[in-house]
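Thanks for passing this one along. Here are my notes, as numbered points to read beside the model.

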Amino acid sequence: MIKHKSSLLLIINSLLVFSLIFYVILTSFTSKTKIVYVDTTELFDGFLMTKELKNKGEKEFLSKKAALDNLYSQIQSKSINASQKEILMKQFIQEKEELEQFNQIYASTESSKIWSRINSYSEDFSKENNYELIIGTENKTTVLYADEKINVTKELLTYINKRYEGLK
């Protein structure tokens with residue numbers, strides 16, 4: 001009798017263990033987490049908004065730099081006296097500092113706007129493609145290994161550029 005109960009318990013335990021293993025295997029195949037990655041440098045540099053704001057910033061920078069170069073030429077002129085030269089030199093220093101501040105502030109604020117837009121579009125892209133996680137990496141420096149099959153940089157870049165142009 002004890003031998004019979006022990007065999008029955010062994011069979012039931014074996015069936016339960018087998019069922020548990022089968023369940024784990026089945027759920028791991030049916031509910032795969034979709035994880036992909038993008039190269040953030042390529043994404044940022046290829047985004048049309050980045051290119052537009054960079055061109056706008058460069059035009060403004062070149063305009064300010066031309067004025068600064070003109071001021072420098074005036075300072076180098078032999079036709080001005082020492083007091084005029086001193087006034088122009090103070091103006092030159094002030095405008096040079098303003099140009100450096102413009103560069104820093106422009107880059108920072110525009111980058112922030114660009115990343116905000118990229119993040120917003122990326123969220124929509126993730127939902128449309130059922131991605132649960134998009135990992136951003138800079139030339140794979142923060143990711144030790146990633147199969148190229150899960151690199152969606154080009155797809156996301158196409159998507160955000162279409163969204164930015166109002167095509168999607």
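1. Let me begin with Asn-130, which is exposed because its relative accessible area is 53%, and exposed means over 50%, buried under 20% and partly exposed in between (1.4 Å probe, protein chains only). Asn-130 sits in the loop between H4 and strand S2 (133–137); helices (H or I, at least four residues) and strands (E, at least two) are DSSP runs, numbered from the N terminus. The phi of Asn-130 is near 60 degrees, a positive value in a residue other than glycine. For background, most residues other than glycine have a negative phi.

2. A word on the ground rules. This is a predicted model, in which local features need pLDDT of at least 70 and side-chain atom pairs count only at pLDDT 80 or more, while totals for chains, interfaces and linings use all residues. Residues are numbered from 1 along each chain as its sequence is written, and side-chain values use heavy atoms, with hydrogens and water left out.

3. Next, the packing of helix H4 (residues 82–129) on H5: their axes are 10 Å apart, at an angle of about 115 degrees. Axes here are lines fitted to C-alpha atoms, for helices over the stretch in contact, and angles run from 0 to 180 degrees between N-to-C directions. H4 is therefore roughly perpendicular to H5, given that 65 to 115 degrees counts as roughly perpendicular, under 35 as roughly parallel, over 145 as roughly antiparallel and the rest as oblique.

4. Which residues meet where H4 contacts H5? From H4 come Arg-117, Ile-118, Tyr-121, Ser-122, Asp-124, Phe-125 and Glu-128, and from H5 come Glu-155, Leu-156, Tyr-159, Ile-160, Arg-163 and Tyr-164. By class, the residues of this contact are seven nonpolar, one polar and five charged (Ala, Val, Leu, Ile, Met, Phe, Trp, Tyr, Cys and Pro count as nonpolar, Asp, Glu, Lys and Arg as charged, and the others, Gly among them, as polar).

5. Please also look at H3 and H4, whose axes come within 9 Å and cross at roughly 175 degrees. That makes H3 roughly antiparallel to H4. The contact of H3 with H4 has 14 nonpolar, five polar and 10 charged residues.

6. The structure holds seven aromatic pairs, where rings of Phe, Tyr and Trp (its six-membered ring) pair if their centres lie within 6.5 Å, with planes under 30 degrees apart counted as stacked, over 60 as edge-to-face and the rest as tilted. One of them is Phe-47 with Tyr-164, edge-to-face at 5.4 Å centre to centre and 70 degrees between the planes. This pair links distant parts of the chain, 117 residues apart: Phe-47 is in the loop between helix H2 (40–46) and helix H3 (48–76), and Tyr-164 is in helix H5. Phe-47 is buried at 0% relative accessible area, whereas Tyr-164 is partly exposed at 23%. Phe-47, Tyr-121 and Tyr-164 form one aromatic cluster.

7. Finally, Thr-153 belongs to helix H5 (residues 153–164) and counts as buried because its relative accessibility is 1%. Neighbours within four places in sequence aside, Thr-153 is in contact with Tyr-37, Val-38, Asp-39, Glu-42 and Leu-43, contact being heavy atoms within 4.5 Å.
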